[in-house]
Amino acid sequence: MAKAMLSLLVHLHAALLFVPEPAGAGAVYSVVRYGARGDGASDSTRPFLRAWADACRSPRPATVYVPPGRYLLGRATFVGPCSSRAVAFSIAGTVVAPAGYAWDGATAGQWITFESVVGLTVSGGTLDGRGDALWACKKQQPRGHCPTGASSLTISNARNVVVEGVRSVSSELFHVVVLQSRGVTVRRVTVEAPADSPNTDGIHIHKSTNVAVYDAAIRTGDDCVSVGPGNSNLWIERVACGPGHGISIGSLGKQQGMAVEAVQNVTVKTTWFTGTTNGLRIKTWGNSKRGFVRGVTFSDSTMAGVGNPIIIDQHYCPDGGCGGAARGSSSGIKISEVEYADVRGSSATPVAVSFDCSRSNPCSGIRLRDVRLTYQGKSGRLQAAGAVSSCRNAQGTASGLVVPPSCL
């Protein structure tokens with residue numbers, strides 16, 4: 001496992017080291033020609049936006065090029081639709097957020113956004129969100145006293161988009177967000193943030209369809225990949241996660257309202273988890289909000305000292321903020337047709353497989369196939385007591401070698 005993860009990380013970082021100026025790809029609009037300065041101190045927001053505007057107006061394939069250097073960029077939204085459906089944003093240097101940058105107010109914001117663009121490629125370079133100041137505030141101040149923060153890169157209301165070879169470090173909030181979009185591929189992305197950085201999800205997908213994530217190395221303080229409501233037809237493959245909270249579907253059902261929260265047809269394949277809080281997780285709040293999760297496959301996963309390798313939590317309540325009554329209530333989200341195949345490795349807790357499902361909407365069609373998990377504890381030593389499974393309101397089957405013995 002260590003060799004596989006090392007090979008993946010070397011491959012990812014090699015792809016980030018060199019991004020030449022685009023050649024033979026139509027018109028090239030270098031931000032330097034518009035006045036951007038790669039000194040890390042001069043505000044380059046207007047040059048970036050002007051270069052984008054000209055590239056977006058081009059009737060032929062066009063590229064916005066960010067040469068080597070450090071470019072200070074304030075909040076920027078690059079808006080389409082563009083005249084050409086082959087527009088690229090190629091970064092050879094580092095784009096940095098202003099010092100102390102924080103979204104002003106309780107609502108989460110965005111730092112760099114690509115909005116309503118069809119046929120976009122964002123490639124290479126480093127995005128430095130400089131989130132340290134906001135993390136420190138959240139650790140020191142009571143909840144609600146600090147700004148929520150800003151996600152570093154958001155793809156919104158877009159189609160046929162590729163994000164590749166991007167390195168995102170120290171985002172205030174989520175690193176990469178795919179929002180209300182279709183046909184998006186995220187590949188060879190590296191995410192880096194401390195294990196204690198709050199709400200710094202690596203890749204977050206929300207209300208989107210036909211999204212694929214390949215070859216990602218994610219070290220962060222929250223979910224490595226998080227799948228929010230309204231998603232369908234997702235493919236996540238070859239992701240190395242740790243530290244972090246694992247790969248999560250949810251949370252679902254937090255906000256009350258008329259809309260049904262649904263997630264369906266999700267495949268998570270060939271993943272590595274090292275020292276994460278969770279591995280493969282589905283989480284919903286314990287309330288009456290209606291919705292469903294169905295048609296999910298988790299396969300070929302390796303766990304190393306993971307707190308909860310396999311977990312469904314339908315009484316999700318972080319930080320104990322729900323109160324006893326709310327935590328005991330029954331989730332309105334129905335979970336069905338979820339398969340775990342070829343999952344192996346070690347759990348840092350005795351309960352390696354936990355299905356804590358809704359009383360009123362029991363989990364159904366849960367399948368375990370060839371699951372081999374041991375309990376090694378925090379010391380990394382194999383524990384004589386062995387790992388166990390825990391089931392509540394869960395129905396399903398187990399086949400092949402399943403360790404610990406299934407409680408389904």
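Me: Buried means under 20% relative accessible area, exposed means over 50%, and partly exposed is in between (1.4 Å probe, protein chains only). Which class does Ala216 fall into?

Reply: Ala216 counts as buried, because its relative accessibility is 1%. Keep in mind that this is a predicted model: local features need pLDDT of at least 70, side-chain atom pairs count only at pLDDT 80 or more, and totals for chains, interfaces and linings use all residues. Residues are numbered from 1 along each chain as its sequence is written, and side-chain values use heavy atoms, with hydrogens and water left out.

Me: OK, and where does Ala216 sit?

Reply: In strand β18, residues 209–219. Strands (E, at least two residues) and helices (H or I, at least four) are DSSP runs numbered from the N terminus. Gly165 is 51 residues from Ala216 in sequence, with 9.3 Å between their C-alpha atoms.

Me: How many helices and strands are there in the chain?

Reply: 4 helices and 30 strands.

Me: And how much of the chain is buried?

Reply: 55% of the 408 residues. The accessible surface comes to about 16,400 Å², and carbon and sulfur atoms hold 51% of that. Those areas are Shrake-Rupley values with a 1.4 Å probe, and for residues only the protein chains shown count as cover.

Me: What share of the contacts is between residues 24 or more positions apart?

Reply: 77% of the contacts with a separation of 6 or more. A contact here means heavy atoms within 4.5 Å.

Me: Switching to the sheet. What's the strand order in the 11-stranded one?

Reply: β5-β8-β11-β14-β17-β19-β21-β23-β25-β27-β29, an open sheet with parallel pairing. The edges are β5 (76–79) and β29 (388–392), each pairing on one side only. On average, neighbouring strands are turned by 15 degrees against each other, direction ignored.

Me: What packs on the β5 end of it?

Reply: Helix α2 (residues 45–57) touches β5 and β8, and its direction makes about 5 degrees with that of β5. The axes are lines fitted to C-alpha atoms, for helices over the stretch in contact, and angles run from 0 to 180 degrees between N-to-C directions.

Me: How many bridges link β5 and β8?

Reply: 4, with the strands parallel; β8 covers residues 109–115. Phe78 stands opposite Phe114 there. For two strands to count as paired, DSSP has to find at least two bridges between them.

Me: New topic. Which residue does UniProt list as "active site"?

Reply: His245, according to an unreviewed UniProt entry. UniProt positions are in the numbering used here, feature names are shortened, and annotations may be inferred rather than shown by experiment. His245 is in the loop between β20 (231–241) and β21.

Me: Is His245 buried or partly exposed, and what does it touch?

Reply: Partly exposed, because its relative accessibility is 25%. Leaving out residues up to four places away in sequence, His245 touches Gly221, Asp222, Asp223, Thr277, Asn278 and Arg281. A polar atom of the His245 side chain is 3.2 Å from the backbone oxygen of Gly221. That's a polar contact: a pair of N or O atoms within 3.5 Å, where, within protein, one must be able to donate a hydrogen and the other to accept it, and residues adjacent in sequence count only if both atoms are side-chain atoms.

Me: Which non-glycine residues have a positive phi?

Reply: Among them are Arg188, near 50 degrees, and Asp342, near 55 degrees. Arg188 is in the loop between β15 (182–187) and β16 (190–192), whereas Asp342 lies within strand β26 (residues 333–347). Arg188 is partly exposed at 24% relative accessible area, and Asp342 is partly exposed at 29%.
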